[in-house]
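Colleague: I am new to this structure and would like to learn how to read it. Could you walk me through it, one feature at a time?

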Amino acid sequence: MTSVWESLTIDARDPGRLARWWAEALGYQVVTDKPDEVEIRQSADRLPGLVFVPAVGGKEHKNRLHLDLRPADQEAEVERLVDMGARHVDIGQGDVEWTVLADPEGNEFCVLRQRKE
């Protein structure tokens with residue numbers, strides 16, 4: 001027997017605001033919107049979802065888990081996400097082919113280059 005990946009839970013100072021930011025970034029929709037939990041998914045019936053819950057305290061260290069995004073055009077996507085409120089961050093990645101950004105609450109994520117076939 002195996003498990004099904006239901007969701008990834010993200011602690012946030014403002015779960016609703018951060019959930020809506022990620023929904024816009026990913027083209028997802030809000031499927032649950034409660035004061036203590038906001039979930040976004042690609043569509044209401046498609047798993048996994050991202051669940052945003054209230055955090056106690058602020059983010060203090062590099063994320064131990066992060067999302068990797070692979071757009072068709074890395075440069076254009078980085079520009080779009082920065083225009084939405086993401087920012088470039090240096091987590092010691094050095095000279096790499098991906099771009100490390102942080103969402104409005106400081107959670108790091110990577111924007112990869114287009115996959116070479």
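Modeller: The protein has 2 helices and 8 strands; helices (H or I, at least four residues) and strands (E, at least two) are DSSP runs, numbered from the N terminus. This is a predicted model, where local features need pLDDT of at least 70, side-chain atom pairs count only at pLDDT 80 or more, and totals for chains, interfaces and linings use all residues. Residues are numbered from 1 along each chain as its sequence is written, and side-chain values use heavy atoms, leaving out hydrogens and water.

Colleague: In what order do the elements of the protein run from the N terminus on?

Modeller: The order is β-α-β-β-β-β-α-β-β-β.

Colleague: How should I read burial, and what percentage of the 117 residues count as buried?

Modeller: Buried means under 20% relative accessible area, exposed over 50%, partly exposed in between (1.4 Å probe, protein chains only). Here 38% of the 117 residues are buried.

Colleague: And which residues have the most contacts inside the largest nonpolar core?

Modeller: A nonpolar core is a set of buried Ala, Val, Leu, Ile, Met, Phe, Trp, Tyr and Cys residues joined through side-chain atoms within 4.5 Å. The largest one has 21 residues, and Trp21, Trp22, Ile40, Phe52, Leu81, Leu101 and Phe109 have the most contacts inside it. Elements giving two or more residues to this core include helix H1 (15-26) and helix H2 (74-84). H1 supplies the largest share, 6 residues.
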